[in-house]
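Please look over the sequence and the model below.

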Amino acid sequence: MIIFILSSCATPPKERLNTEKINEDFINNSKLKYHYQEEKELENIKLNFIELSPLDRKKVSISVKDQDYKELLFFIAKEAGINIVFEKDIDKYIPKEEKYLTLELKNLTLREALETILGILNLDYEIDNGILKIIATQERFFHLDFLPYLRSSKFDLGGDVLGSQTNRQTTQDNEEIITPLKGNIETSGKINDQHLDIYALLEKNIKNLLSKEGKYTLNRYSGTLYVKDRCKNVKNIEKFINFLKEKYQKQVLIEAKILEVNLNKSSKLGINWDLILKNDLKDTAYISNRSSFLWDNSETFLINFKVEPYFNSILNAISKQGTLKIISNPRIRVMHGQPALIGVGKSISYIREVDRETTAYEGVTTVETTVDTSAVFDGLLFEVTPFINNDNTITLHIVPIKSDVIELKNVKFEDYEITLPQINLRETSTVIRTKENDLIVISGLIMNKKSEINYNVPKISKIPIIGNIFKSKEKEDEKVELIILLKTKII
C-alpha cells in the first residue's frame, strides 16, 4: 500500500521543450511569417544619411527698408552659425545706390534668402571649410570636347549641256569666234565654314557675354576655356556652353538602302508610288510630304509608317515592278552639322593624252613620249549632312551621284591612241525636313541601259567557221531607276 501510494503521488518526469520546433511553427504562421520576413528585410536596408548645410536647416522672414546689404548678409551668417568673409574690394563692383536694399521675404530657408539677395547685387558665394565667402568675380575652367578641325562639304552638279565651252572657231586672222549655241545648267553649294567652326562661334559669343573687365583664354587643341568675370556673366557663359554641348554632341543614326530597279515593261516610266501606296501599303503607310525635281518622274517624298519593318515593306512592293539590285546598305552615325560621305564603286584609269616631242641634234633624232592618264569613277557617291532642329526634327542635305561607265573607246591618232570614256551620269541635290521614323524616298533617277547577250552552244560554237552558226548576239535596252531609301533617328 505504502509503495503504491508513493508511486501514484510521484511527479512525472518533465518533457524537454523543443524550442526549435516552436520557433519554426511561429514563423510558418501566415501572419507571423509576413512580419518576420518584413523585419529581416528591414535589417538589410542600408540607410544613407544626408548632411544638411546650416543654410538649409532654418527658415527666416526678412522685412527691411534701405538696409545695407552687408548687414543683411551678416544676419544670415549669424542665423546659420557660420563665419562670413567678403572678397577684397567687393564694394567697387556695386554702385552706391544699389548697396541699400528694400525687400520682404517670408518663410524662406537661409540659402534661399542668401541667393535672392546676392542675385539682386550680381554677387555669388562659396562655402569653404565652413566659411561663407561672398564674391563678385569668379574663375572657371571649362572642358569643351569639340572637334579641333573643320569638316566641310562642297558639291557641283550639272554643267555645260550644249558643249559651248569647247565649241570655238579660229579665223585666218587668229580671231576666236564662239558659236551662239550655249547652254549651261549647274547647281553648286558649300556649307559655310563659319557655321561649322564651333570654336569661332563660341569665341564670338563669349566676347559678347563678358563684361568690360572680363577676360578669357581659349585653347582649341586641348579643348579648354578659362574665364574670369562677374559671377552672372560666368554663369551665362556656362549656360551657353552647356547648350552648345547638348546641340552639337547629338548624333543622327542614318540607315539607307540604295538600289537599282530594272523596270518591267509595264513600269517603263518609273516606279508607280501611288499604285504601291494604294495597294501594297494601303493599311501601313501614307505620304506626308512630296516635292518634284526638274524632270517629271523624279521626286522626293516622306512616307509615314504605322508599323515596322519599313524597308522590307517597301522592297517587297518595289520588286513587283522590276528586278531589284541593292548597291549599298550603309548604316552610319553622323554628328550634328557634320557631313558624311558614302562611296561604292571602282576607279577606272584611261589614257587621256599622248604627247610626243621630237629632238634632232647632230644628226641624231630622239623621240620622247609622255602619256597622261586620268580616271573616271564607276559607282555611287552619296553625301548627307544632318542638322537637328530645336523641335527634334531633322533637316537633311542630300547629294547622290551615280555614274556608270558605258564604254571606254580607243581612238587612234597616227601611230598612237587615246581613250574616250562614255559615262551615264545621274545626280541630284535636295534638302528635306523629316521626323524620326519617317522614311525618305528619292526616286525617278532613270537611265537607259544597253546590254548585249551572247547565246552559243558549248564546244560546237568554238569550231572555226562552222561555229558561227551556233552562236548569236542579242541587244537589249533596259530602263533602270535609281532609288534611295533613308530613315533617321536621333541618338
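Predicted model: local features only at pLDDT ≥ 70, side-chain atom pairs only at ≥ 80, totals over all residues.

Start with the aromatic rings. The structure holds 2 aromatic pairs. One joins Phe74 and Phe86. Phe74 belongs to helix α5, residues 69–80. Phe86 belongs to strand β2, residues 83–86. Phe74 has a relative accessibility of 40%, so Phe74 counts as partly exposed.

The charged end of Lys70 sits over the Phe86 ring, 5.1 Å from the ring centre.

Phe141 and Tyr226 make up an aromatic pair as well. Here the centres lie 5.0 Å apart and the planes stand at 45°, so the pair is tilted. Phe141 is in strand β6, residues 137–143. Tyr226 is in strand β12, residues 224–230. This pair links parts of the chain 85 residues apart. Tyr226 has a relative accessible area of 17%, so Tyr226 is buried.

Next, turn to the surface. Ile460, Ile463, Ile465, Ile466 and Ile469 form a nonpolar patch there. Together these residues have about 520 Å² of accessible area. Ile469 sits in the loop between β23 (438–456) and β24 (471–490). With 67% relative accessibility, Ile469 counts as exposed.

Now the charges. The count of salt bridges comes to 13. One of them joins Glu255 and Arg331, with the closest N and O atoms 2.8 Å apart. Glu255 is in strand β13 (residues 251–263), and Arg331 is in strand β17 (residues 331–335), so the bridge ties together parts that are 76 residues apart in sequence. Arg331 counts as exposed, at 56% relative accessibility.

Take the Glu260 bridges one by one. Glu260 forms a salt bridge with Lys402, the closest N and O atoms lying 3.7 Å apart. Glu260 lies in strand β13 and Lys402 in strand β20 (residues 394–413), so this bridge ties together parts 142 residues apart in sequence. Both of these residues are buried.

Glu260 also forms a salt bridge with Arg426, and here the closest N and O atoms are 2.6 Å apart. This pair links strand β13 to strand β21, residues 416–427. Glu260 and Arg426 are 166 residues apart. Arg426 is buried, as is Glu260.

Finish at Glu79. The relative accessible area of Glu79 is 27%, so Glu79 is partly exposed. What does Glu79 touch, leaving out residues up to four places away in sequence? The answer is Lys58 and Leu110. Glu79 and Leu110 are 31 residues apart along the chain, with 7.9 Å between their C-alpha atoms.

Methods
Residues numbered from 1 in each chain as written. Heavy atoms only, no water. Phe/Tyr/Trp six-rings, centres within 6.5 Å; stacked < 30°, edge-to-face > 60°. Helix = DSSP H or I, 4+ residues; strand = E, 2+ residues; numbered from the N terminus. Buried < 20%, exposed > 50% of the residue type's maximum accessible area, 1.4 Å probe, protein only. Lys NZ or Arg CZ within 6 Å of the ring centre and 35° of its normal. Patch = residues over 30% accessible without salt bridge, like charges linked within 9 Å, V, L, I, M, F, W, Y side chains within 5 Å. Areas by Shrake-Rupley, 256 points an atom, 1.4 Å probe, with all protein chains shown as cover. Salt bridge = Lys/Arg side-chain N within 4 Å of Asp/Glu carboxyl O. Contact = heavy atoms within 4.5 Å.
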